[in-house]
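Open the model in your viewer and keep the selection tool ready. The stops below say what to select next and what is there.

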Amino acid sequence: MGLANGYLYTCEIIFLRATNVPVSDLNNLSSDPYIRAMISAEYGSSIEDEVPQSITYRTHTERRTLNPTFNDKWIFSGIPISGFTLTMRLNDEDPGNRDDHLGRAVVRLPPEGSELTEGWSSGDMECKIHKRKDSVKSRITTFVAKIATRGEVEHRCRVWISVKVLGRAQNQGDNRLYTVGPHRYFQHFSPLLGSFLGSTKAPAVDIANPSLKASTFIANRIQLTGPVPASLRHRYVGFAPFVKAMFKKEGIKGLLLHRALHKQHCSIYKWDKNVVWGVVEGINEKQDEKHEVNGKTTGDAEYTSEDKGDHTTDHLKEESVAFARQFLRMTSHGTHGRIFTYAIMLDGEWRFTETGKQFSIGLLSKHTMHTDVALEIAYSGEFFVRLLHPHSSEGSDDSPPDDPSFYELVIDNDSGTYRPSKDLLPVLQSYLSSPSNLGALGKITALDGFDEKLKRWKEKRAEIKALGTGKGRAIQCRWS
């Protein structure tokens, strides 16, 4: 048992909707609201102080509305019987400046004096949003809007949520908070940065946004199923005095470097109307994918398969296939010699972008930028995707096959900032290969960044990328 005084539980929160959101944009008397949530829990003295006591989540943005409907689901585990504290911050997305903070709510679940039990549920729960006292802008705009609309705009902002216990945590000995799911993914587009870096990464074929150019630079985020193995925990390496100062925000130089990298992170992973996001589900289920074009949400996408295999295939295997397919789409099936820089956060969020010599021109540190100067992460390095075997009828860069079993993920620990242990590569490989993650891929290979064979493979991919055409079929073969 994880704790001396009770079990650990897996819970689900659904952020349902909000009402009477403060006005942030006087031009259309509306806002672009979203919720940033944090869960914290107290385990008692049996838990080490260094173990993270909180995890975070962000809903998607609803545009031009004061009464948004989110219906965003968050499943997390490691919750003690005493429950947790949920902090919700209601913000207004502002592409040009910092997002406006509209208010927050702090809720204790279950209520004081109660304990979590299997089957416990809050039902639809109303939470009062307390406006920030220093949020002058939202107060003024809401007041003006109320006058302009003759009272149609209200001041009493509320957020509605639903919370329930799904059952006991799978591992009662794992005293950590972690996200279980769902498999959410996000793609953030930067056309200007792509032109500057000379990126060959084009948007996925199913992204119907004519405003995006082929040179658009894409930052990807995808949620792995937790928990991340406890041994996958790496702290930054202070190989120089300025590095330690940067991570700890000490001194003028440290503060400036920290701020510069944070600004780069926010710029590349910026939410705006072009963000594509979705939730990966089974191949027999609809995938809730949203494309925001000019601020409007368009259509859903549905995965289909000509061969759905045995009807007895369980949901976990189906979800693994769908998840692997989404990962392949986000990496453009590894075509044109692409190599990616990545960081896996402690809560299982996998962040990655296409990399190359061009990438280091504009960024002080690739991995530090991806992690937003995080003191600790799970793992980092580089990876690429390739076909296990060439196929005569399909497999060109223009029409890569969609079957995940045809592909191999080659991943390493090439990261100077965090220098992940090569001894933990088998742990990383096992975690990514699990049925709840990328188990549907044909193969996952984890190699040390200094491996000579890996270096040759990367050099070959760099040659293919330099050609700019991707016509070389060698990219799809296994090199010795």
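Select Y407 to begin: this residue is found in strand β21 (residues 407-412). Strands here are DSSP runs of E of at least two residues, helices are runs of H or I of at least four residues, and both are numbered from the N terminus. The model is predicted, so local features need pLDDT of at least 70 and side-chain atom pairs count only at pLDDT 80 or more, while totals for chains, interfaces and linings use all residues. Residues are numbered from 1 along each chain as its sequence is written, and side-chain values use heavy atoms, with hydrogens and water left out.

Is Y407 buried or exposed? Y407 counts as buried, at 1% relative accessibility. Buried means under 20% relative accessible area, exposed means over 50%, and partly exposed lies in between (1.4 Å probe, protein chains only).

Now show what surrounds Y407. Leaving aside neighbours within four places in sequence, its contacts include L328, H333, V385, P400 and K443; a contact means heavy atoms within 4.5 Å. L387 is another residue in contact with Y407, and the C-alpha atoms of the two are separated by 4.4 Å although they are 20 residues apart along the chain. Next pick P401, whose backbone oxygen lies 2.5 Å from a polar atom of the Y407 side chain.

Move on to helix α8 (residues 425-432), and select its buried residues L425, L428, Y431 and L432. They sit on the same side of α8, because they cover an arc of only 125° around the axis. This arc is that of the directions from the helix axis to the C-beta atoms. The strands that the buried residues of α8 pack against are β17 (340-344), β18 (349-354), β20 (379-387), β21 and β22 (443-447).

Then select F15, I39, F76, F84 and M88, which touch the most other members of the largest nonpolar core, a set of 38 residues. A nonpolar core is a set of buried Ala, Val, Leu, Ile, Met, Phe, Trp, Tyr and Cys residues joined through side-chain atoms within 4.5 Å. Strands supplying at least two residues each to this core include β2 (33-40), β4 (69-80) and β8 (158-168). β1 gives the most to this core, with six residues. Another core, of 36 residues, lies apart from it; F323, F383, L409 and A440 are among its members.

Terms used: A polar contact is a pair of N or O atoms within 3.5 Å; within protein, one must be able to donate a hydrogen and the other to accept it, and residues adjacent in sequence count only if both atoms are side-chain atoms.
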